Protein chains: 4
Amino acid sequence: MFTYQHRVQFYETDLMGIVHHGNYLRLFEEARVAWAVEKKLLSYDKESASHFAVLETHVRHVKPAVFGDLLEIELQTKIEKLRIIFEYKMYAQSRGRELVATATTVHVALDSNLKVMRPLEEVKKVMEGEKWIETWL
Amino acid sequence: MFTYQHRVQFYETDLMGIVHHGNYLRLFEEARVAWAVEKKLLSYDKESASHFAVLETHVRHVKPAVFGDLLEIELQTKIEKLRIIFEYKMYAQSRGRELVATATTVHVALDSNLKVMRPLEEVKKVMEGEKWIETWL
Amino acid sequence: MFTYQHRVQFYETDLMGIVHHGNYLRLFEEARVAWAVEKKLLSYDKESASHFAVLETHVRHVKPAVFGDLLEIELQTKIEKLRIIFEYKMYAQSRGRELVATATTVHVALDSNLKVMRPLEEVKKVMEGEKWIETWL
Amino acid sequence: MFTYQHRVQFYETDLMGIVHHGNYLRLFEEARVAWAVEKKLLSYDKESASHFAVLETHVRHVKPAVFGDLLEIELQTKIEKLRIIFEYKMYAQSRGRELVATATTVHVALDSNLKVMRPLEEVKKVMEGEKWIETWL
């Protein structure tokens, strides 16, 4: 299971004292990018041949995240025709691994002209090695 | 129909040249807050008696928004027991009113101790005057 | 005197209940862009021939800005050889026009290859019509 | 010398393909907070007795930072009466340790009523152990 950690910063909180709900999608993206780098689908050093555009995002908030929380994000992913689907679970590692949020994001691959393309062979190959648990969320 | 306008700024775009998907929830919040102020449920000048916590967000992206776009957001809202539901349509007013995104956010009212409470009478009263179109999104 | 108004949003505050200091540069940029659009140096509709890169920023905080504040930003600008200099005063219009912050930003024009260029004639022409008060900040 | 590392994310870039200048202050804050935690002046787990308000920020940009950069921030700090001063150097660790930016931020300690207070004894004690190089920036 791929996991990613993020320490909550002051600038991610709002006047309610909690992480602003708009910032969760940033944290899920951090996890997705780190996953893609680990799978060599994306590099921090050079431009990649394709980008994953965001079609849809769905976040369910369970508990607030607060300043200083060490958040741990687990993700799973699969392809459905042209669509690449990610599911996420976010835990507050620093508070007894309490579930903070779950989410789904749906993507398509874009070529360098920003046209929708079939996922590259290298993407499909990586996906074949990924586990997907239907009842995960 | 309540509408809200927002001009896209440089800092809302990312290296793809489009508004980063994480920023849409900020724009829907701007619209929701402006609606609540117009309905006198919230004031820009003083603390309000209750807050709407965010339970769930769901955004569907149709077309990218870009720097300089004048975005227009329409919203509708209803109460279902403890849940307050908003739906949004976002258009690029500056590009032939092209549909950019649709979204749903689900909220509950919190008291000053951040406990879930029944929506205040004033909230219910406002909601009775709101129209909800079932087939809107 | 060019002025620009911005209503403070929830997502711009942090857990201290005030606008996060990192967000002030965004508001000064909003004002700078609105000024450039008014002077026809920049358009919200099409790509501009040159960009102003940021060399230096300097912000002095006087009073905190809070959620709901209607901020008013005044700016003045001048050219010094290759450098384009802006100074800003930010007031809380909604709280007796209290001074919130002052700032300076220094820029250079970049061509489409991101190389430093002399400010375009149209920029120089606009600047000749601008007033600069030496003792402003 | 205290150092802090930050990996540049998509959401920190803008349409110019570089980190938006408004985001640098967030990264310097991350470094400052990590330093304060290491020195036990701040905890990620509980509220601290004092906060450092931001009086002034000054950033000088040398080279752009881009997506994927592993940024390394060095900082030094000293007290001058009520003022706590930090200086920062930011390098692109991933690109031959190229200097990206330098910065200064000036702070005062606030008590729980947000009144300016003398820096706590524990802060002064930590500061006595810090090195300050006058010619650093």
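View 1. Two strands pair if DSSP finds at least two bridges between them. In this predicted model, strand 2 of chain A and strand 2 of chain B (residues 51-61) are joined by five bridges. The two strands run antiparallel. Within this pairing, A:Thr57 stands opposite B:Val59. B:Val59 belongs to strand 2 of chain B.

View 2. Two copies of a chain are related by a rotation about an axis and a shift along it.

**View 3. Extent of the interface between chains A and B.** The size of an interface is often given as the accessible area lost when the parts come together. For chain A and chain B, the buried area is about 2,000 Å². Carbon and sulfur atoms account for 55% of that area. Chain A brings 19 residues to the contact, and chain B brings 19 residues.

**View 4. Polar contacts and the chain A side.** How many salt bridges are counted between chain A and chain B? The count is zero. Polar contacts are found, however: 10 residue pairs across the interface, both residues at pLDDT 80 or more. On the side of chain A that touches chain B, helix 1 (24-38) and strand 2 (51-61) each supply at least two residues. Strand 2 of chain A gives the largest share, nine residues. By class, this side of chain A has six nonpolar residues, eight polar residues and five charged residues.

**View 5. The axis relating chains C and A.** Chain C superposes on chain A by a rotation of 180 degrees. The shift along this axis is 0.0 Å, with an RMSD of 0.0 Å. Which residue of chain C comes closest to the rotation axis? C:Asp14 does, its C-alpha lying at 1.9 Å. The same surface serves both copies here: 100% of the contact residues of chain C recur in chain A.

Definitions and conventions:
Residues numbered from 1 in each chain as written. Chains lettered and ligands numbered in written order. Predicted model: local features only at pLDDT ≥ 70, side-chain atom pairs only at ≥ 80, totals over all residues. Heavy atoms only, no water. Least-squares fit on C-alpha atoms with pLDDT ≥ 70 in both. Contact = heavy atoms within 4.5 Å. Buried area = accessible area lost by both parts, 1.4 Å probe. Salt bridge = Lys/Arg side-chain N within 4 Å of Asp/Glu carboxyl O. Polar contact = N/O pair within 3.5 Å; in protein donor to acceptor, adjacent residues only side chain to side chain. Helix = DSSP H or I, 4+ residues; strand = E, 2+ residues; numbered from the N terminus. Nonpolar A, V, L, I, M, F, W, Y, C, P; charged D, E, K, R; others polar.
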